[in-house]
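Subject: Structure handover

Hello,

Here is the structure you asked about. My notes on it follow below.

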Amino acid sequence: MNLEERISRHLERLFEHAQDSTANRELKEEIHSNLTARMEDYIDQGMSEEQAFEKAIQHIAGLDQIMSDQHQVQRFPYWTAVLQSALIYCLIAWIITIPMRVLMEGKIVNFWLMIASALVGGVYLLYIWSNRERQRNAEATIVIRSTTLRKWTRIVWWMWGALIMIMWGTQAALRFGSNIWYSRPFQVEGPYQFAVLVIAFVIPLLTIVVPLVVQKAGRLVREFEVGEIRG
């Protein structure tokens with residue numbers, strides 16, 4: 001078996017369970033060229049073909065794991081579902097804050113959530129309208145790496161948690177700082193002040209819409225993942 005046949009057979013085994021997509025075919029060609037060039041360099045350095053082959057394939061060790069991490073999903077249905085989820089979360093947050101309109105802070109938050117819902121809804125409708133041709137094209141796909149998406153999901157959740165701690169700490173300092181400094185007891189005079197206090201600490205939690213959308217995007221990958229894509 002000559003050198004070319006060994007490389008081809010190794011790549012066939014490596015891509016045996018990979019989706020037959022344009023991206024994977026291009027990746028296969030790139031690896032083939034890389035392996036060939038490396039092996040020729042090693043042979044020029046005095047290695048045998050067997051030694052050159054074994055050393056060259058070490059550079060693509062773990063590639064099968066990377067490939068299995070790639071998910072090919074239907075582009076239009078996937079992004080439609082992501083935008084739809086974002087719109088639903090914004091609308092829920094907007095509805096939740098309607099009773100808060102009795103306070104000025106509640107009115108401001110409710111107004112901006114209404115604006116956010118309108119913007120997301122506009123993007124959703126614009127995306128559907130601008131991609132109406134793709135609704136009939138089931139082969140339009142994108143490749144998503146699940147580990148990258150999981151990584152960003154964790155980052156967004158951590159950032160959200162840090163933001164909540166900062167905002168709660170700021171509220172606590174503004175409202176209770178003098179009491180702590182002068183060792184005075186905390187006092188909440190009447191239901192109105194209690195409502196103001198509760199709303200001040202609840203409002204930051206509404207930003208949970210952002211990490212929820214990112215997490216939902218990860219869950220939707222499996223729902224819209226396709227099998228083999230020919231073309």
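Start with Trp157: it counts as partly exposed, because its relative accessibility is 25%. The cut-offs are these: buried means under 20% relative accessible area, exposed means over 50%, and partly exposed lies in between (1.4 Å probe, protein chains only). Trp160 has 16% relative accessibility and therefore counts as buried.

Before going further, note that this is a predicted model: local features need pLDDT of at least 70, side-chain atom pairs count only at pLDDT 80 or more, and totals for chains, interfaces and linings use all residues. Residues are numbered from 1 along each chain as its sequence is written, and side-chain values use heavy atoms, with hydrogens and water left out.

Overall picture. The protein has 9 helices and 2 strands. These are DSSP runs numbered from the N terminus (helices H or I, at least four residues; strands E, at least two). Along the sequence the pattern reads α-α-α-α-β-α-α-β-α-α-α. Of the 231 residues, 34% count as buried.

Aromatic pairs. Rings of Phe, Tyr and Trp (its six-membered ring) pair if their centres lie within 6.5 Å; planes under 30 degrees apart count as stacked, over 60 as edge-to-face, and the rest as tilted. That rule gives 5 aromatic pairs. One of them is Phe76 with Tyr127: the ring centres are 5.7 Å apart and the planes are at 10°, so the pair is stacked. It links distant parts of the chain, with Phe76 in helix 5 (residues 75-96) and Tyr127 in helix 6 (residues 104-130), 51 residues apart. Both Phe76 and Tyr127 are buried.

Trp157 and Trp160 also pair, edge-to-face, at 5.6 Å centre to centre with 90° between the planes. Both lie in helix 7 (residues 146-181), 3 residues apart, about one turn of the helix. An α-helix has 3.6 residues a turn, so residues three or four places apart point the same way.

Helix 7. There are 36 residues in helix 7, and it reaches 49 Å from first C-alpha to last, close to the 52 Å expected. The expected span is 1.5 Å times one less than the number of residues. A kink of about 55° is centred on Arg175; the bend is the angle between axes fitted to the seven residues ending there and the seven starting there. Buried residues of helix 7 include Leu149, Val156 and Ile164. Just after helix 7, Ser183 takes a positive phi of about 55°.

Last item: Trp112. This residue is in helix 6. Trp112 is exposed, because its relative accessible area is 55%.

Best wishes
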